[in-house]
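Please view the sequence and the structure first.

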Amino acid sequence: MSMNTEQRLLDVLNALLKDKGHNVILDSNIGINNIPNMDSLFFLEIVVAFEKEFEIRFELEDLASQNNIKGFIDIIESQIIWWITILM
């Protein structure tokens, strides 16, 4: 797992939480349901923020199976690798 991808993702997530009034620092081991303020709307905010940060699009089936932050990192990195191989 790329530390750069992980750190960027966590920075986005922590900024969203700070905007919601939560002064917490999360790591990639946290489960989705353990994120403060988590509900379906906040989940969508997180997804959109990750898509903007990494210039990717998540598939619905990928989102439905996510239960922790590491899963998002894996999806993002696999999409980045896929685009690199396509462009080479």
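## Two loop residues and a helix residue

N37 sits in the loop that joins helix 1 (3-19) to helix 2. Helices here are DSSP runs of H or I with at least four residues, while strands are E runs of at least two, and both are numbered from the N terminus. The model is predicted: local features need pLDDT of at least 70, side-chain atom pairs count only at pLDDT 80 or more, and totals for chains, interfaces and linings use all residues. Residues are numbered from 1 along each chain as its sequence is written, and side-chain values use heavy atoms, without hydrogens or water.

N37 is not a glycine, yet its phi is positive, at about 70 degrees. E55 is not a glycine either, and its phi is positive at about 55 degrees. E55 belongs to the loop between helix 2 and helix 3 (60-64).

E51 is part of helix 2 (residues 40-54). Its side chain reaches the backbone nitrogen of F58 at 2.9 Å. This is a polar contact (N or O atoms within 3.5 Å; within protein, one able to donate a hydrogen and the other to accept it; residues adjacent in sequence count only if both atoms are side-chain atoms). Beyond its neighbours within four places in sequence, E51 is in contact (heavy atoms within 4.5 Å) with I56, R57 and F58.

Exposure is tabulated below. Buried means under 20% relative accessible area, exposed over 50%, and partly exposed in between (1.4 Å probe, protein chains only).

| Residue | Relative accessible area | Class |
|---|---|---|
| N37 | 37% | partly exposed |
| E51 | 12% | buried |
| E55 | 71% | exposed |
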